[in-house]
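Please read this short briefing alongside the sequence and the model. It begins with a question and then moves through a few topics in turn.

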Amino acid sequence: MLYILKRIVNSIFLSFGIATIVFFLLRILPSASFSDIYLNPRLSEDVLSRLKVAYGLDKPVLIQFLNWLKEILTGNLGFSFIYRKPVINCIGEAILFTLTIGIPALILSFGFGIFIGVQSARKRGKTVDRILNLSFLILYSIPSFWLGIVLILIFSYTLGIFPSSGLRSINFNEMNFFEKIFDMFMHIVLPSTTLSIAPMAAIARFTRNTMLNVLSQTYIKTAKAKGLDERTIFYRHALPNALIPVITLFGLYLPFFFAGSIVVEEIFSIPGIGKLMADSIFQRDYPLTVGITLFVSFIVIIGNLISDILYSIFDPRIRLK
Amino acid sequence: MRINHLLLFFLLLTSLFFTSCRRAQKQNYIVIGSTIDIDSFNPYLSTSLFTQDLLDRVYLRLAIEQEDYRTFKPLLAKRWEWSKDSTQITFYLRNDVFWTDGVKTTAYDVEFSFKCATSPEVAWLNAEDITRNIEYVKALNETTLVVKYRYVYPYQLTDINDVWIVPKHIYEKIPFSEWRRNGYFDEKPVTNGPYKVARWERGQLIELVKNENYFDKSYPKIERVFVKIVPNEANLILQFLNGEIDVLPSIPPAVAEKYENSPDVKFIRYPFLAYEYIGWNQRNPIFADKKVRQALSYGINVDEIIKAILKGNAVRSTSPFPSIFWAHNEKLKPYPYDIEKARKLLHEAGWKDSDGDGILDKIINGKKVDFKFTLITNAENQTRKEIATAVQNDLAKLGIKMEIQVYEFNTFMRHILTKNFDAVISGWRVATKPDLTTVFHSEAIKSGHNFVSYSNPYFDRLNDSASVMNNLNNAKILWDKIQEIIYEDQPYTFLYEPVRISGISKRIKPETVKMNSISFLYNLHEWELK
C-alpha cells in the first residue's frame, strides 16, 4: 500500500517535470511566437502588445512560469487562451469523448486480441494460424488515418450503415431514450474499431507467442501425461499463465485509449483529448498544451503503475517493494 | 430463445432509428460543413474568418456592405445623413429590432460597441483604423446616432460599419479587462439577427434557429441551420457527396472537376479578394534591378500553372488589387510568357553565362556572382509547392538555378518577417479599403509587411495622397497610376487570383443562393429549399 502511494507521489512529480520541460521548450522554439497566429496586415504592433498584456505574455518567462505554478497549485492546470476557461475544465469535457470511444476500443482489442491469439496458438502451424499471423502483421502496420477513411468509405459512404463523424446525430435532442442509446452506439462503432485494430493485432500476436511459450513448459507435459483432455490443459493450465505477460500490454495501451488519439479523433471529428492537443499546438495555446502534456504523462505513468499492481495480483511470485 | 429476444430488440431499435430519420427529414433545415469550429460568439475576441461569416448571420450591422465594396444598403440603420463638412454622419436606427432576450436594440448599444471596439483592454484585432479615424460615437436618443470623424477620408462608412454591434446590457456585465479570461459570452449568446444561437457543442455542432422576433418577418426562409464540424477534409467531402451535408464552403478543384456533372451537388465558383505572388527580396543584389524582376515575370509560365495545377480555377493577377475590386486597373495586361524577352532583359541587366557552365553570372561589387537563389514557401500549401517546382523548371531554361525550401508555417513566417529569404511564394487576402501602405510603402520596410524591401519614392508619394482622397473617382485615377508603377517595377511577380469553389446540395434552390468574396453565406436568410 505504501509502495503504491509512493509511486503515485512519484508519478505526480515526474509528470510535473515533463510539463515543466514542455513549458520552457514552447517558449524557446524559434517558431513559437504569439504574433504568428495573428499575422494580419492590419494588425499593428500596438494591438499585438495589448494582446500580449491581456494574456500575460509580456512578462519575463520566469514570471510566467511562477504564474503557471500558481495555476497548477490551485488545480486549474493553467488558463486556456482559446477556450477562455481553466485547462482542467477543457480536459474534463474532452476526456468524456475520448473515453466514449476509448473504453469500447479497449474491450474490443483485448477481448478479440486474446481470443484470436489463443485460437491461433491452438491451431499452431496450420493454415489458419499462418493466415492469422499474416493478418496480424498487416493489421498492425495499417496506419489509422488510412484505415479510418477506408472504413468511412465502405460503411458510411457506400453502404450508409454507420455515421462517419461526431458522437451524436444532429436531431439527438428530439430523440427518446432508446433512440439516443442506439444513436450513440452507431456513432461509436467506426472510431472504436479504427482505434482498436492495431492494438488488437499486437495483443493477438503477443498472446499467441506467450501461449506457445507456456505450452512448451514441462508442467503442460505433465498434465498431458496425467491424461487430461486437451481443452482442460489449454484453458485451465496454460491460458492463465500465458496471460500474465499480456498484462504488460494493458499498462502500455491504457494511455493509448485514455489519452486520446490525435489521428482517430481528427478523422471522426471527436472533440477528445487528442483533438484538443492538436488544436492547442496549432493555435499556440501554451497553457493548454502544457496542461494536456501534464495530464497525458500522468496517465502514461499511472498505466505503468496499474500493470505493476496487476502483476502482483495475478502472479504470486511477484511482490511489490 | 435468447437470440430471438435480442433480434427483436434490435429490430425495434432500428425501426425507432428510421422513424427518427424520417422525422428529421421533413424539417426545414440545412447542414453546413466546416473543418474548423468557431472561436467565440463574442465578435471582439474572434480571429477567424469563418467565425465572422457565421456571426454576421446572428448580429446585425448598421448597413450591408455591397459586393462592390463601395455602397451600403440600410440594415439596422434605416438611413443616414452626412454633415456639410462630411466629418460627421447621423444614423437613424430602426425602432423594431430586439435582442433575443427581449431588450430593444438602440443607439446606446452602438455607442457602447464602439467603446468595446477601441478599448485597449479588449485588444480587438481590427481596432487600429477605427481608433485612429473616428473621434467619437454618441447616441442622442434610442434611435439617433452621431459618428464624428477626425478628418474626411473615403472609407468613413466602411469603418463604422466594421464595428460589431453587441448588447450593452449583457456585455457591460463583464469589465473589459476580464473579457479574455471569461467564457461568459459563449454561454448564451444574445443576438439580434435573422438567426439565433440554439446550441453550441464545441468541436461538434452549432445550431442556429430562426429568430421569430426578427424585424423582417419574411426572413429567414430556412428555419434551422446546423454547422457540423468535421476536421478531416476527406470525411467532410464524403459527407457532402453523400447528402449528409448541404453546404461546403471550400472544395478542392480536383474534386469539383470530378463531380461537376453529378445531379446531387452543385458547385458555385466566385472570385475571392486575394492574390498569390512570388516576392523578390530586393535586399538581395540579384533582385535589386527591376529589369531582372521583369525578366523573371516574363520567364514564368503562369498560364500553364493555372491550367495544369489549378485546373483553370484562377484568374491571372496583374496588380495588388484583384480584378473584382473597384480600384483595379483594367488596362494592365498580365506579363505574357516570353522567354526571348526575358533573355534580352537579363542580358541588358548584365547577366551572361561567361564561364559556360549553363548558369548566368555577373560581376557584382567586383565579385563574380552566379544567378542562384532559394525560393521558400510553406509546407501546408500543396499548390504552392507544385508552383515552386514549375517555376524551377521555367527558370532553368533561362540559365537560372533555383533551389526550393519548404518550411512549416510558423517557421516560414519567421523567415519572411526577418527578411531572411531570397524569394517567396505567398498570398495576400486584400482588405476592402484600397491601401498599399503596409505592403509596398518604403516606411513599411522597417515596421510593416514590406518584407521584399520595395522602395520607390514616386510610389510612396502617390500612395500617400490616394489613400486619403475622399472622392473615390479621383482616387481611382491615382490608383490606376500607382498600379502602373507597381506593374513596371514588379516587386512581386503576380501569379493569380484564386477562385473559390463552394458546394451546395440539390435540396437548396441554387437561384436563391448568392455567394461572394465578402462571405459564402452572404444572403443565407434568403436561401430556400426545393
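Which strands of chain B does helix 3 (residues 107-118) of chain B lie across? Helix 3 of chain B lies across strand 5, strand 6 and strand 7 of chain B, and runs at about 150° to strand 6 of chain B. This is a predicted model, in which local features need pLDDT of at least 70 and side-chain atom pairs count only at pLDDT 80 or more, while totals for chains, interfaces and linings use all residues. Residues are numbered from 1 along each chain as its sequence is written, and chains are lettered from A and ligands numbered from 1 in the order in which they are written.

**Chain B overall**

- Chain B has 16 helices and 20 strands, where helices (H or I, at least four residues) and strands (E, at least two) are DSSP runs numbered from the N terminus.
- The C-alpha atoms of chain B fill a box of roughly 85 × 80 × 40 Å along the principal axes.
- Of the 530 residues in chain B, 39% are buried, that is, with 20 or more other C-beta atoms within 10 Å of their own, the C-beta atoms being placed from the backbone.

**The sheet in chain B**

- Four strands of chain B form an open sheet in the order 4-5-7-6 with antiparallel pairing, and two strands count as paired if DSSP finds at least two bridges between them.
- Strand 4 (77-82) and strand 6 of chain B stand at the edges with a single partner strand each, so one side of each has no neighbour in the sheet.
- Neighbouring strands of this sheet are turned by 20° against each other on average, direction ignored, with angles taken between lines fitted to C-alpha atoms.
- Strand 5 (residues 88-93) and strand 7 of chain B are joined by five bridges and run antiparallel, and B:Tyr92 stands opposite B:Thr144 in strand 7 of chain B.
- Strand 6 (residues 134-139) and strand 7 (residues 144-149) of chain B also pair in the antiparallel sense over five bridges, with a hairpin of four residues joining strand 6 to strand 7.
- B:Lys138 has B:Val146 in strand 7 of chain B as its bridge partner.

**A loop residue in chain B**

- B:Asn471 lies in the loop between helix 15 (457-466) and helix 16 (472-489) of chain B.
- B:Asn471 is exposed, with 9 other C-beta atoms within 10 Å, where exposed stands for 12 or fewer.
- The C-alpha atoms of B:Asn471 and B:Tyr153 are separated by 8.4 Å, although these residues are 318 residues apart along the chain.

Definitions and conventions:
Axes are lines fitted to C-alpha atoms, for helices over the stretch in contact, and angles run from 0 to 180 degrees between N-to-C directions. Two residues are in contact if their C-beta atoms, placed from the backbone, lie within 7 Å.
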